[in-house]
Each structure stands twice: as C-alpha cells, then as structure tokens.
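Visitor: I am new to this structure. Please show me how to read it.

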Amino acid sequence: MPIDGAEFATVALVHLLAVASPGPDFAVVLRQALMQHRANALWTAVGIGLGILVHVAYSLLGIGLIIQQSVMLFTALKTVGALYLTWIAIQCLRSGPATLDTGETMPTAQSAGKAFRLGFLTNLLNPKATLFFVSLFSVVISPATPIATQTFYGVYMALATGLWFALVALFFTLPAVRRAFARFGHWLDRLMGGVLLLLAGRLVMSSVSAGE
C-alpha cells in the first residue's frame with residue numbers, strides 16, 4: 001500500500017487542527033469526564049472515534065459529496081444535528097449541584113452502551129464533520145490516491161480522534177482536576193449546555209439561510 005509521506009503529513013496536520021478545536025465532541029467529552037465515571041467518559045471517546053469511520057465511508061463512496069451539494073439533504077442533516085445538540089443541552093441545563101462525581105459520590109447511572117452512543121451520535125450528526133471529511137477527501141487527498149491508502153488515512157483519523165478524546169477524558173477525570181471543579185461543577189455543566197445550545201442555534205440559522 002503506497003503512502004505519500006507529504007500527503008499523509010498534510011492529512012494528519014489538518015485533522016489535528018480540526019479535532020483539537022472546540023466543538024460538540026469536546027463539550028460532550030468534557031461533561032462526561034466531569035459528571036461520570038472514567039469508564040463512561042472513555043466509552044464516549046471511543047464512540048466519537050468510531051463515528052469518524054462513518055464519515056470516512058460515505059466520503060470514499062462519494063455519498064458525502066451528494067449530501068453536501070443537495071440543499072435539502074444537507075439542511076435535513078443540520079436540522080437533525082441541531083435537535084440532538086439541543087436535547088443534550090437540556091440535560092446539561094437541568095444539572096444540579098450534586099451531580100459532579102469527585103470520586104466520593106456516585107454520578108447518575110449511565111451504561112457503557114449509552115456513553116458510547118452519546119459520543120457516536122454526537123460525532124455522526126455533526127454537519128461540520130461532514131463538511132470537513134468531504135473537503136478533505138476531495139481537496140487535500142488526491143483523487144489518484146489508491147482507495148486502500150485513503151482507507152488507511154480514515155482509520156488513522158478514527159484512531160487519532162479516539163485517542164485525543166480519551167486523553168481529554170483521562171485528564172479531566174483525574175481526582176485533583178475533579179476537585180478543582182467540585183464547587184462549581186454544575187455551573188460548568190450548565191455552561192456546556194449553553195454552548196451546545198449556541199451551536200444548535202447556529203445550525204438552525206445556517207439551515208434557514210440555505211433554504212432562502
């Protein structure tokens with residue numbers, strides 16, 4: 001499987017800048033890390049990483065380009081994404097002072113499957129991710145690059161994304177970090193809710209603008 005070193009370096013750099021920038025994925029992992037056990041936060045990171053593979057798959061098949069060029073389909077995706085972010089935001093805004101897990105109290109029960117699904121759907125329904133991967137596979141990655149190599153890039157980005165958010169989860173589940181947030185943990189949760197509402201609002205506004 002031939003790999004162009006310069007192309008791979010470009011893909012890795014662009015992906016790093018994208019994954020490190022604040023967005024719904026980061027907000028969700030941060031909340032999970034502060035409000036849930038470490039295992040749940042890590043399962044959410046795994047879900048986000050595997051969600052990347054879906055974006056990669058439809059980009060390789062050319063379906064992503066169809067979604068991007070169809071105003072109706074892309075507007076529908078943004079609407080569903082906005083509704084999902086709003087639902088998560090409401091959960092954050094309803095947070096109470098006793099929800100932060102400092103290691104001494106049990107957080108609200110959450111199964112590994114639910115934690116995984118939260119991360120997976122958050123990434124999957126993020127229209128920014130759709131735009132990013134369609135642009136990446138149509139502009140940055142050469143059409144002449146073998147499918148096997150492009151698939152390797154996709155798997156790399158999924159692993160790198162999962163690892164990045166796993167590190168975020170591990171850091172914010174450190175006892176010292178949790179204690180630092182203990183006094184105002186529920187306010188941070190509500191702040192995350194406000195951020196997610198703003199992101200949902202931006203999706204709605206862009207959908208309205210696209211439909212005009």
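Guide: From the N terminus on, the elements run α-α-α-α-α-α-α-α-α-α. That is 10 helices and 0 strands. Helices (H or I, at least four residues) and strands (E, at least two) are DSSP runs, numbered from the N terminus. This is a predicted model: local features need pLDDT of at least 70, side-chain atom pairs count only at pLDDT 80 or more, and totals for chains, interfaces and linings use all residues. Residues are numbered from 1 along each chain as its sequence is written, and side-chain values use heavy atoms, with hydrogens and water left out.

Visitor: What share of the 212 residues is buried?

Guide: Buried means under 20% relative accessible area, exposed over 50%, and partly exposed in between (1.4 Å probe, protein chains only). Here, buried residues make up 43% of the 212 residues.

Visitor: How do I describe two packed helices?

Guide: Use the angle between their axes and the distance between the axes. Axes are lines fitted to C-alpha atoms, for helices over the stretch in contact, and angles run from 0 to 180 degrees between N-to-C directions. Take helix α3 (residues 38–61) and helix α7 (residues 127–140): their axes come within 9 Å and cross at roughly 45°. That makes α3 oblique to α7. Angles under 35 degrees count as roughly parallel, over 145 as roughly antiparallel, 65 to 115 as roughly perpendicular and the rest as oblique.

Visitor: Which residues of α3 and α7 make the contact?

Guide: Contact means heavy atoms within 4.5 Å. On α3, the residues are Ile52, His55, Val56, Tyr58, Ser59 and Leu60; on α7, they are Ala129, Thr130, Phe133, Val134 and Phe137. By class, that is 8 nonpolar, 3 polar and no charged residues. Ala, Val, Leu, Ile, Met, Phe, Trp, Tyr, Cys and Pro count as nonpolar, Asp, Glu, Lys and Arg as charged, and the others, Gly among them, as polar.

Visitor: How do α1 and α7 cross?

Guide: The axes of helix α1 (residues 5–20) and α7 come within 12 Å and cross at roughly 160°. That makes α1 roughly antiparallel to α7. Glu7, Thr10, Val11, Val14, His15 and Ala18 in α1 meet Phe132, Leu136 and Val140 in α7. These divide into 6 nonpolar, 2 polar and 1 charged.

Visitor: Where is Phe172 found, and what does this residue touch?

Guide: Phe172 is found in helix α8 (residues 147–172). With a relative accessible area of 15%, Phe172 is buried. Not counting residues up to four places away in sequence, Phe172 touches Leu30, Ala33, Leu34, Val177, Arg178 and Phe181. Phe172 and Met35 are 137 residues apart in sequence and 9.9 Å apart in space, C-alpha to C-alpha.
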